[in-house]
Amino acid sequence: MDKTILHGRAWVFNDDVDTDLIYHNKYLAETDPKKMPQYSFEYFPGKENFAKEVKEGDFVVAGTNFGCGSSREHAVYCLKYAGVPVILAESFSRIYYRNAINNGYPVLFVKGLSQAIKDGKIKDGDQLEVNLLKGEIKDVTNGNTFHGDAVADLEKDIMKAGGLIEYLKEKAAEKK
Amino acid sequence: MGKTMIEKIMKRAAGKEVKVGDRVWCNIDLSTARDFGGANCVLQFEEVTEKKGKVWDPDKVAFTFDLQAPSHSEKVSVNQKIIREFAKQQGIKKVFDVNWGIGQHVLLEHGLVKPGDVILGTDSHMNLLGAVGAFATGVGNTDIVASWFEGTNWFRVPESMKVTVNGAFNKGVCMRDLLTDIVGTLGADGMFFMSVEFCGDTIEKASLADRITLCSMVTEMSGKVGLIMPNGKVLDWLVERAGKEVVDRVKTLSADPDAVYCQELEFNVDDLEPMTSCPDAPDNVKKVREVAGAHVDQVHIGSCSNGRFEDITAAFEVLKAANFKIAPGMRAIVTPATREVMLQCAEAGYIQKFLEAGVIFTNPTCALCTAEHYGTLPGGDVGMSTTNRNFIGKVGKGSHTYLASPMTAMATAVRGKVTDPRDILG
């Protein structure tokens with residue numbers, strides 16, 4: 001199956017989604033990334049059922065500054081291991097962006113997404129088709145199309161390696 | 001063309017010329033983790049090195065136990081033990097256990113932070129160390145683990161913003177109010193990915209505590225780091241703790257007069273009033289006067305933003321002006337940032353007075369920023385706190401929080417409702 005074209009449902013969020021709302025501080029003592037999805041968005045008003053209802057292949061769609069707040073990598077793991085294949089947002093908070101890249105977890109910067117969410121042009125439950133190569137997002141439910149930029153430069157190489165640790169291991173092997 | 005502070009710091013750390021937008025590998029001066037995130041780092045490091053890995057330099061790794069100190073659960077106790085055992089096995093001596101207090105503050109007090117240092121930590125407010133000109137940044141566990149291999153990590157050279165602050169605060173108004181005003185003006189992403197240099201009269205005269213307050217909240221505007229080069233008393237304090245090298249660092253790493261900034265802002269504090277971040281976001285800012293009278297169930301004074309001796313002194317003065325009486329039914333909690341601050345409070349006689357007034361005076365910890373230790377709010381309750389985030393449910397599901405200065409927080413504890421401290425201080 002072609003993995004560059006993905007299909008799934010949208011879970012739509014607003015601007016400035018803080019890490020406490022993605023993965024609450026109450027569960028920070030968890031050390032096993034695979035156990036983190038059960039707590040995803042538990043404290044986000046209106047999205048409390050996300051963890052129970054999310055299906056493999058669903059997308060998280062957000063406005064600007066997604067993942068602001070804490071440095072907790074839990075907030076990346078809890079979506080990655082829930083089977084969310086890529087996060088689509090107008091922009092990502094700095095530490096969240098690093099944590100995603102360092103885990104080889106794809107994020108797309110999608111222009112106009114914040115306003116589109118406010119205008120109801122992309123809604124919870126919409127079926128999306130995401131072309132990762134072209135950075136194209138089609139809302140199949142209502143026909144709207146958005147364009148995203150993949151990451152650049154060094155981040156692309158880290159993503160290609162599968163994450164920062166893998167990237168450093170490849171570099172170390174090259175030196176030998 | 002002149003260089004900004006962050007360009008000079010990254011040039012030093014990368015060992016080559018840098019320009020805005022470059023991705024560079026910087027040498028790390030200190031790679032730290034807390035009881036939160038620390039066990040995740042240790043377990044990940046052991047997994048990816050098949051338990052054979054050695055950290056690149058045990059003297060440049062530190063652990064601080066502050067989020068849940070002392071531990072309140074078996075799970076946290078196990079995590080803390082994982083860290084202690086790893087440190088022992090790796091020869092890491094800089095372990096500040098549950099009795100020390102908030103990590104960045106403890107590192108600073110121990111002279112482990114110099115201007116220009118590149119410091120990583122599993123704490124999004126690590127960057128408050130920019131208050132002494134260090135480039136410190138919060139990161140996740142993967143970044144910490146990666147840095148333990150060879151003592152380097154990748155960074156994007158950020159754009160720089162310059163914020164000039166002039167004027168003198170009126171009675172009852174302080175640096176926290178300026179900061180709240182800035183957060184309200186710029187919004188949650190107003191410093192997106194930027195390095196922010198603070199300068200001007202008000203900054204040059206500011207105490208270390210005030211500089212820490214200012215730099216800690218850069219995170220709430222999505223900035224990378226807020227930077228202030230030490231001068232005057234702050235410089236003397238730092239030289240005493242971290243050594244004479246600090247003086248050279250200040251000389252070589254201060255921004256050039258013709259440095260280029262992407263944005264320059266000016267603030268004057270002469271007419272500033274007490275400000276508050278209303279529920280449920282740091283950038284939902286109003287004057288305290290506009291929301292005065294709103295009911296508050298619990299008040300917290302402390303945290304990495306406002307937990308130093310000067311902050312607690314400011315709160316103490318308000319309580320003193322109210323004849324050491326808090327409102328009936330009010331739960332007021334004061335938490336010093338570190339053991340050193342707690343000792344200062346003991347020596348000044350504050351602790352006895354706080355206790356007599358019915359204020360809870362706790363050990364130094366970050367716990368009041370979570371819903372998972374003490375001071376958790378039940379749904380529907382409203383808190384006021386000097387911490388740095390107030391997203392809905394942060395310290396208890398369905399609870400709401402106002403963020404304000406130590407003076408406003410104590411005035412609110414005295415009256416049991418949101419109160420402008422000038423109403424008590426006169």
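The model is predicted. The secondary structure of chain B consists of 17 helices and 18 strands. Along the principal axes, the C-alpha atoms of this chain occupy a box of roughly 60 × 55 × 40 Å.

Chain B is divided into domain 1 (23–157), domain 2 (158–272) and domain 3 (275–420). The centres of domain 1 and domain 2 of chain B, taken over C-alpha atoms, are separated by 25 Å. Their contact involves 19 residues from domain 1 and 24 residues from domain 2. On the domain 1 side, strand S6 (residues 135–138) of chain B gives the most, with 3 residues. The residues of that side comprise 8 nonpolar, 8 polar and 3 charged.

Between the chains, 40 residues of chain B are in contact with 33 residues of chain A. Helix H2 (35–48), helix H3 (74–90) and helix H5 (141–150) of chain B each supply at least two residues to the side of chain B that touches chain A. This side of chain B divides into 17 nonpolar, 13 polar and 10 charged residues.

In soluble globular proteins, nonpolar side chains tend to be buried together. The largest nonpolar core in the model has 192 residues, and those with the most contacts inside it are A:Val61, B:Leu129, B:Ala315 and B:Met410. Helix H13 (residues 309–321) of chain B gives the most to this core, with 7 residues. Neighbours within four places in sequence being left aside, B:Met410 is in contact with B:Ile301, B:Ala315, B:Val318 and B:Leu319.

B:Asp297 is located in the loop between helix H11 (288–291) and strand S14 (298–301) of chain B. Because 17 other C-beta atoms lie within 10 Å, B:Asp297 is classed as partly exposed, a class that falls between the limits of 20 or more for buried and 12 or fewer for exposed. When residues up to four places away in sequence are not counted, B:Asp297 touches B:Arg331, B:Asp381, B:Val382 and B:Gly383. B:Ser124 is 173 residues from B:Asp297 in sequence, and their C-alpha atoms are 28 Å apart in space.

Terms used: Residues numbered from 1 in each chain as written. Chains lettered and ligands numbered in written order. Predicted model: local features only at pLDDT ≥ 70, side-chain atom pairs only at ≥ 80, totals over all residues. Helix = DSSP H or I, 4+ residues; strand = E, 2+ residues; numbered from the N terminus. Contact = placed C-beta atoms within 7 Å. Nonpolar A, V, L, I, M, F, W, Y, C, P; charged D, E, K, R; others polar. Core = buried A, V, L, I, M, F, W, Y, C linked by C-beta atoms within 7 Å. Domains from an automatic or database assignment.
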